[in-house]
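Hello,

Here is the structure you were going to look at. My notes follow below it.

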Amino acid sequence: MSGFVVAIDGPAASGKSTTARRVADRLDFVYLDTGAMYRAVTWKALETGTDLGDQTALGALASSIRLEFRSGESEVRVLVDGEDVTEELREPRISRAVSEVSSVPAVRRAMVRTQRNIGAEGRCVVEGRDIGTVVFPNAPVKIFLAASLEERARRRRRELSDRGVIQGLEALMEEIRTRDAMDSEREDSPLRQAEDAIVIDTTRMTIEEQVAEVVRVAQAALPAASE
Ligand code: CDP
Ligand code: CDP
């Protein structure tokens with residue numbers, strides 16, 4: 001069977017990446033983190049001193065960079081034009097700039113093209129903001145992960161402090177609130193829940209619980225898709 005997509009969308013730090021990676025492992029599907037793709041374009045733009053207000057330059061950059069994903073032990077390594085930038089992609093400077101870059105239609109067109117090519121190859125779990133609404137509107141499984149702003153900021157703080165980056169809860173809440181607003185209010189492919197998505201509020205759930213729930217939904221849809 002080809003092209004079975006589990007689409008997972010939701011706001012920042014709702015648990016998309018962790019859930020998607022584990023669900024993909026469990027089901028033996030390919031995992032695609034589309035947020036990492038927008039972060040990679042942002043990294044390249046900052047690295048090359050590209051003006052973030054220059055949409056033409058950003059579009060050209062997005063069409064020309066070479067993105068590679070390599071599965072590691074517990075994470076996926078991301079290479080941009082041959083350089084491993086996995087750790088840098090999560091830095092606050094990238095988080096602060098990424099929504100401006102991802103709002104550029106030419107950047108989105110280039111990324112969506114790549115995402116659809118990967119999705120057409122087989123079974124995959126794809127996570128982002130517009131996967132169930134725009135990239136794969138016919139995906140047989142659509143999940144929208146939600147969680148309170150405070151809980152999401154706590155998660156992000158824990159994640160950053162594990163990597164030695166200390167950021168206050170208030171500052172993180174503000175950063176996440178701003179990014180969610182930009183992502184939800186942009187004209188091209190805003191963050192929103194697909195009408196036919198299943199919403200899972202993870203505020204009081206463990207990772208294991210949310211993974212089990214998504215696996216259950218995906219497994220229920222699999223037999224119908226292979227008929
Ligand atoms: O992990 P976190 O939720 O913080 O963010 P991410 O998934 O790495 O996404 C980073 C940014 O990329 C988002 O804030 C969006 O601006 C953009 N993005 C997007 O526009 N469309 C997607 N499908 C995925 C991410
Ligand atoms: O991809 P997204 O930004 O939506 O979230 P993530 O990177 O998967 O999750 C952010 C952090 O929250 C990770 O360190 C997860 O392990 C953690 N998390 C958690 O502690 N409990 C949950 N129920 C979900 C995520």
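Helices are DSSP runs of H or I with at least four residues, strands are runs of E with at least two, and both are numbered from the N terminus. This is a predicted model, in which local features need pLDDT of at least 70, side-chain atom pairs count only at pLDDT 80 or more, and totals for chains, interfaces and linings use all residues. Residues are numbered from 1 along each chain as its sequence is written, chains are lettered from A and ligands numbered from 1 in the order in which they are written, and side-chain values use heavy atoms, with hydrogens and water left out.

Ligand 1

Around ligand 1 there are 20 residues, where being near means having a heavy atom within 4 Å. Arg39, Ser102, Arg108, Arg156 and Asp183 are the closest. With four residues, α2 gives the most to this shell. By type, the shell holds five nonpolar residues (Ala, Val, Leu, Ile, Met, Phe, Trp, Tyr, Cys and Pro), 10 charged (Asp, Glu, Lys and Arg) and five polar (the others, Gly among them).

Polar contacts are pairs of N or O atoms within 3.5 Å. In the side chain of arginine 108, an N or O atom is 2.7 Å from an oxygen atom of ligand 1. For arginine 179, the corresponding distance from a side-chain N or O atom to an oxygen atom of the ligand is 2.8 Å. The protein buries 99% of the 530 Å² that ligand 1 exposes when taken alone (Shrake-Rupley method, 1.4 Å probe).

Ligand 2

Ligand 2 has 15 residues around it, and Ala13, Lys16, Ser17, Thr18 and Met205 come nearest. α7 (149-162) gives the most to the shell, with four residues. The shell divides into four nonpolar, six polar and five charged residues.

A polar side-chain atom of threonine 18 is 2.4 Å from an oxygen atom of ligand 2. Glutamine 210 has a side-chain N or O atom 2.9 Å from a nitrogen atom of the ligand. Of the 540 Å² of accessible area that ligand 2 has on its own, the protein covers 85%.

The sheet

An open antiparallel sheet has three strands in the order β3-β4-β5, where strands pair if DSSP finds at least two bridges between them. β3 (67-71) and β5 (83-84) are at the edges with a single partner strand each, so one side of each has no neighbour in the sheet. β3 pairs with β4 (residues 76-80) over five bridges, and phenylalanine 69 stands opposite valine 78 in β4.

Regards

Methods:
A polar contact is a pair of N or O atoms within 3.5 Å; within protein, one must be able to donate a hydrogen and the other to accept it, and residues adjacent in sequence count only if both atoms are side-chain atoms.
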